[in-house]
There are 2 protein chains.
Amino acid sequence: MSRKMELSESLEDYLEVILQLQETNKVARATEIAEKMRVSLASVTASLRKLRERELINYAPYKFVTLTSKGQTIAREIFRKHKIIKDFLIRVLTIEAPKAELTACRIEHTMDRAAINKLVKFVAFIDTCPRAGKDWLQRFSKCSSTEFDWEQCDHCLDECKKHHQKRK
Amino acid sequence: MSRKMELSESLEDYLEVILQLQETNKVARATEIAEKMRVSLASVTASLRKLRERELINYAPYKFVTLTSKGQTIAREIFRKHKIIKDFLIRVLTIEAPKAELTACRIEHTMDRAAINKLVKFVAFIDTCPRAGKDWLQRFSKCSSTEFDWEQCDHCLDECKKHHQKRK
DNA sequence: GCCGAAAGTTAGGCGCCCCTAACTTTTATG
DNA sequence: CATAAAAGTTAGGGGCGCCTAACTTTCGGC
C-alpha cells in the first residue's frame with residue numbers, strides 16, 4: 001500500500017542524500033548517510049525503516065540501501081528543486097555558494113511543483129530576454145552593494161540593444 | 001538572561017501572529033492566537049510560556065499578551081521577511097496570492113537577513129532598472145505560460161528605450 | 001577460518017509541538 | 001451580585017526526529 005501522506009522534511013533529506021550516494025557508489029550505506037547528514041547511525045536506522053515502510057527504498061537490516069523507482073522519482077524531484085533554488089540564489093541573488101547550498105536545502109521543502117516551475121521559467125526568462133541576461137545580472141550585482149546609478153542607463157540601454165543586434 | 005538560542009519556526013510564527021493582533025487590537029489574546037494559527041488553546045498556552053521565558057512577550061496566566069521590545073524587534077524582522085518574500089512570489093513569479101501567502105509563511109523561516117536583503121535589492125532593481133520594470137514583468141508573465149517569443153524583441157527594446165527617455 | 005574492528009541495530013531518553021479532556025478563572029448578563 | 005458561558009490552564013498522551021549506550025552482525029587481515 002503506497003501511502004500518499006506527505007514526507008517530512010527530514011525524510012525528504014534522507015531520500016536526497018541516498019540518491020546522491022547511489023549515483024556515485026551504486027548503493028548507499030548507513031555510515032555514509034549518517035556522515036552526509038551529520039546525524040548518528042541510530043537516527044539513520046530509524047529513518048531507513050520509515051522510508052522502507054513507505055516503499056521508497058530497498059533495504060534490509062545490515063544491508064545497503066537503494067531507491068525504489070517510486071523513491072527515485074521523489075528524490076529526483078526534490079533534488080531538482082534544490083538545484084533550481086541554488087542556481088537562483090547564486091546566479092541571480094549573488095549569494096555565496098556555501099550559504100546558497102544551506103538555504104536551498106531548506107527552501108526546497110517549502111515550494112511546491114508549481115512554484116518551482118515558475119522559478120525555472122523566471123530564471124530562463126532572465127537568461128533569454130535581451131533586456132536581461134548576464135550583463136544585466138552583473139549590473140545588479142554591482143549596484144546591489146550600493147545605490148542604483150541612473151547615469152549609466154542610457155549607455156546601458158544602447159549596449160543592450162547593440163548586443164541584441166549582434167546576436168541575430 | 002536573554003537566550004541567544006534560535007527560535008523554532010513555530011515560535012517565530014507565534015511572534016508574528018501576536019504582532020499582527022497587537023497592531024489591530026493593541027493586545028493579543030490566546031483565543032485569537034489559537035484561531036489565527038489554527039491550533040488548540042492548550043498549544044497556545046504552552047507556546048506563550050516559552051516566549052515569556054525568553055522574555056519576548058509580556059504575559060501572565062489568564063492575562064493578555066503584548067510583545068516586549070525585544071520580541072517586537074524579532075517579530076517585525078520576521079514579518080518583514082514575510083512581506084518581502086510574498087511580494088516576490090506574487091509580483092515577480094506571478095504566484096496566486098493565497099498560495100504565495102502560504103509559501104511565504106514557510107520560506108520566511110529559512111532565509112537569513114543577508115539573503116533577504118539580497119532579495120529586497122533584487123526586487124528594487126527590477127522596479128528601478130529601465131531594462132526591467134513593470135512591463136518587463138508583464139512580458140515574463142505572458143511568456144511564462146508559453147515559449148519565449150524572439151520576434152517581439154526588437155519592438156520591445158525600442159519601447160523600453162522610448163519609455164526610459166520619457167521618464168527623464 | 002578466527003577475531004577484532006567497523007558497521008549497524010536496539011533500547012531508552014529528550015525536546016518540540018500538537019492534541020483532548022478536565023479543570024479554573026474571568027466576564028458578562030439577567 | 002450570582003451564575004452560566006467564555007476564556008484560559010493543566011494533565012496526560014502521541015508523533016517525530018534526534019541522541020547515547022549497549023548490543024549484534026559483518027568483514028578484512030592474519
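User: In this predicted model, which residues of α2(B) do Asp13(B), Tyr14(B), Val17(B), Ile18(B) and Leu21(B) in α1(B) meet?

Analyst: Let's start with the helix pair in chain B. On the α1(B) side, the contact is made by Asp13(B), Tyr14(B), Val17(B), Ile18(B) and Leu21(B). Counted by class, the contact has six nonpolar, no polar and three charged residues. The partners in α2(B) are Glu32(B), Ile33(B), Lys36(B) and Met37(B).

User: How do α1(B) and α2(B) lie relative to each other: parallel, antiparallel, perpendicular or oblique?

Analyst: Their axes are 10 Å apart, and the packing angle is about 120°. Roughly perpendicular stops at 115 degrees and roughly antiparallel needs over 145. The crossing is right-handed. Because of that angle, α1(B) and α2(B) count as oblique.

User: And over in chain A, is the crossing of α1(A) and α2(A) left-handed or right-handed?

Analyst: The axes of α1(A) and α2(A) come within 10 Å and cross at roughly 120°, so this pair is oblique. As for the hand of the crossing of α1(A) and α2(A), it is right-handed.

User: How many charged residues are in the contact of α1(A) with α2(A)?

Analyst: From α1(A) come Asp13(A), Tyr14(A), Val17(A), Ile18(A) and Leu21(A), and they meet Glu32(A), Ile33(A), Lys36(A) and Met37(A) in α2(A). Six residues of this contact are nonpolar and no polar ones take part. The charged ones number three.

User: Which helix gives the most to the side of chain A that touches chain B?

Analyst: The contact takes 30 residues from chain A and 30 residues from chain B. In chain A, α5, α6, α7 and α8 each supply at least two residues of that side. With seven residues, the one that gives the most is α6(A).

User: How many nonpolar residues does that side of chain A have?

Analyst: Sort the side of chain A that touches chain B by class: six residues are polar and five are charged. The nonpolar count is 19.

User: On to the DNA. Which helix gives the most to the surface near DNA strand C?

Analyst: In total, 20 residues surround DNA strand C, and the closest are Thr31(A), Ala42(A), Ser8(B), Ser40(B) and Ala42(B). Two or more residues come from each of α2 and α3 of chain A and α1 and α3 of chain B. With five residues, the one giving the most is α3(B).

User: Where does the largest share of the surface near DNA strand D come from?

Analyst: DNA strand D is surrounded by 20 residues, the closest being Ser8(A), Val39(A), Ala42(A), Thr31(B) and Ala42(B). Chain A gives two or more from α1 and α3, as chain B does from α2 and α3. The largest share is five residues, and its source is α3(A).

User: How many charged residues does the surface near DNA strand D have?

Analyst: By class, 11 residues of the surface near DNA strand D are nonpolar and seven are polar. The charged residues there number two.

Methods. Residues are numbered from 1 along each chain as its sequence is written. Chains are lettered from A and ligands numbered from 1 in the order in which they are written. This is a predicted model: local features need pLDDT of at least 70, side-chain atom pairs count only at pLDDT 80 or more; totals for chains, interfaces and linings use all residues. Two residues are in contact if their C-beta atoms, placed from the backbone, lie within 7 Å. Helices (H or I, at least four residues) and strands (E, at least two) are DSSP runs, numbered from the N terminus. Ala, Val, Leu, Ile, Met, Phe, Trp, Tyr, Cys and Pro count as nonpolar, Asp, Glu, Lys and Arg as charged, and the others, Gly among them, as polar. A residue is near a molecule or strand if its C-beta atom, placed from the backbone, lies within 6 Å of it. Axes are lines fitted to C-alpha atoms, for helices over the stretch in contact, and angles run from 0 to 180 degrees between N-to-C directions. Angles under 35 degrees count as roughly parallel, over 145 as roughly antiparallel, 65 to 115 as roughly perpendicular and the rest as oblique. A crossing is left-handed if the near helix is turned anticlockwise from the far one by less than a right angle, and right-handed if clockwise.
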